[in-house]
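Subject: A structure for you to look through

Dear colleague,

I am handing over the structure that we talked about, and I would ask you to keep it open while you read the notes that follow it.

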Amino acid sequence: TGNVSTYGVWFTSPTDGICVGTIVQKTTNGGTTWVNAGSVGGAGNMTSIGGSGNNWWLTRGNNIYGSTDFGATWTGPGYTGTQALWGLNVGAGANCLAGWSVGATGTLIRLNGVPVAINDPSVNIPNQFMLEQNYPNPFNPSTVIKFSIPKSGNVKLVVSDILGKEVTVLFDGVKTAGNYQVEFDGSKLSSGIYFYSISSGEFKETKKMLLIK
């Protein structure tokens with residue numbers, strides 16, 4: 001899939017699935033190809049994923065996040081305990097929202113409904129496109145890139161080297177209006193200047209960042 005690390009995968013049909021690790025990736029053709037769907041908040045790698053219909057859960061660190069639109073947007077965290085969470089299992093049945101998550105020191109969490117958003121990108125919908133400066137910058141080895149889109153549409157976010165060669169595609173797909181953030185991991189790259197660019201409709205913007213190892 002091109003993911004730096006992949007820890008969980010789940011399919012809700014023969015064609016539709018999501019895998020998680022360093023980033024979220026989705027497939028709609030049975031895993032033949034995978035599309036980068038960005039990164040969900042929290043710390044550490046995303047360790048497990050589970051879904052039913054368009055409703056999905058994932059764990060990252062000691063947090064649980066939920067989606068009702070096949071991972072286009074995520075809300076939460078709906079649970080913020082003290083122990084790391086490692087596994088998910090969502091109940092069977094169309095659009096089931098119940099399930100379980102397990103983690104360190106015998107932790108067992110019952111899932112009941114997609115979490116109410118505290119960082120829902122649909123809240124405070126921006127009135128203009130915006131690509132923010134990555135933070136931290138300089139960075140080693142990872143940094144966070146935030147962007148805002150005022151209307152739904154295709155969004156592509158890519159990283160290029162100083163020669164203009166595309167290094168990685170951070171996201172390429174449809175986003176609803178809102179505020180988003182994506183984590184970029186440069187652990188496999190050399191120190192130097194890189195550029196990240198976003199395009200959505202007629203909007204295009206590029207910013208510079210510095211990787212120092």
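How many salt bridges does the count come to, if a salt bridge is a side-chain nitrogen of Lys or Arg within 4 Å of a carboxyl oxygen of Asp or Glu? The count comes to 2 salt bridges by this rule. Before I describe them, please keep in mind that this is a predicted model, in which local features need pLDDT of at least 70 and side-chain atom pairs count only at pLDDT 80 or more, while totals for chains, interfaces and linings use all residues. Residues are numbered from 1 along each chain as its sequence is written, and side-chain values use heavy atoms, with hydrogens and water left out.

**The salt bridges**

One of the salt bridges is formed by arginine 60 and glutamate 183, whose closest N and O atoms are 2.7 Å apart. This pair links distant parts of the chain, since arginine 60 is in strand S6 (residues 55–60) and glutamate 183 is in strand S16, 123 residues apart. Strands here are DSSP runs of E with at least two residues, numbered from the N terminus. Arginine 60 counts as buried at 4% relative accessibility, whereas glutamate 183 is partly exposed, with a relative accessible area of 23%; buried means under 20% relative accessible area, exposed over 50%, and partly exposed in between, with a 1.4 Å probe and protein chains only. Glutamate 205 and lysine 207 also form a salt bridge, with their closest N and O atoms 3.6 Å apart. In that pair, glutamate 205 is partly exposed at 27% relative accessibility, and lysine 207 is partly exposed at 21%.

**The sheets**

Strands of a sheet pair through backbone hydrogen bonds, either parallel or antiparallel. For the pairings below, two strands pair if DSSP finds at least two bridges between them.

An open sheet of 4 strands has the order S1-S2-S3-S4, and its pairing is antiparallel. Strand S1 (6–11) and strand S4 (35–36) each have a single partner strand and stand at the edges, so one side of each is left without a neighbour in the sheet. S1 is joined to strand S2 (residues 17–21) over 5 bridges in the antiparallel sense, and threonine 6 stands opposite glycine 21 in S2.

Another open sheet is formed by 3 strands in the order S12-S13-S16, again with antiparallel pairing. Its edges are strand S12 (130–131) and strand S16 (178–185), each with a single partner strand, so that one side of each is left without a neighbour in the sheet. Between S12 and strand S13 (residues 142–149) there are 2 bridges in the antiparallel sense, and phenylalanine 147 in S13 is the bridge partner of leucine 131.

Strand S10 (residues 98–103) has a covered face, made of Gly99, Ser101 and Gly103, and an uncovered one, made of Ala98, Trp100 and Val102. S10 runs antiparallel to strand S9 (residues 85–90), with 5 bridges joining them, and asparagine 89 stands opposite tryptophan 100 in S10. S10 is also joined by 5 bridges to strand S11 (residues 108–112), which runs antiparallel to it, and isoleucine 109 in S11 is the bridge partner of serine 101. The hairpin of S10 and S11 has 4 residues between the strands, and in it threonine 105 takes a positive phi near 50°.

**The nonpolar core**

The largest nonpolar core has 40 residues, of which Val24, Ile49, Leu58, Phe147, Leu157 and Phe184 touch the most other members. Such a core is a set of buried Ala, Val, Leu, Ile, Met, Phe, Trp, Tyr and Cys residues joined through side-chain atoms within 4.5 Å. Not counting residues up to four places away in sequence, phenylalanine 147 touches residues including Met130, Leu131, Val155 and Leu157, where contact means heavy atoms within 4.5 Å.

**A buried serine**

Serine 200 is found in strand S17 (residues 192–200), and it is buried, with a relative accessible area of 6%. Its neighbours within four places in sequence aside, serine 200 is in contact with Phe129, Asn154 and Val155. The side chain of serine 200 reaches the backbone oxygen of asparagine 154 at 3.0 Å.

With best wishes

Note on methods: A polar contact is a pair of N or O atoms within 3.5 Å; within protein, one must be able to donate a hydrogen and the other to accept it, and residues adjacent in sequence count only if both atoms are side-chain atoms.
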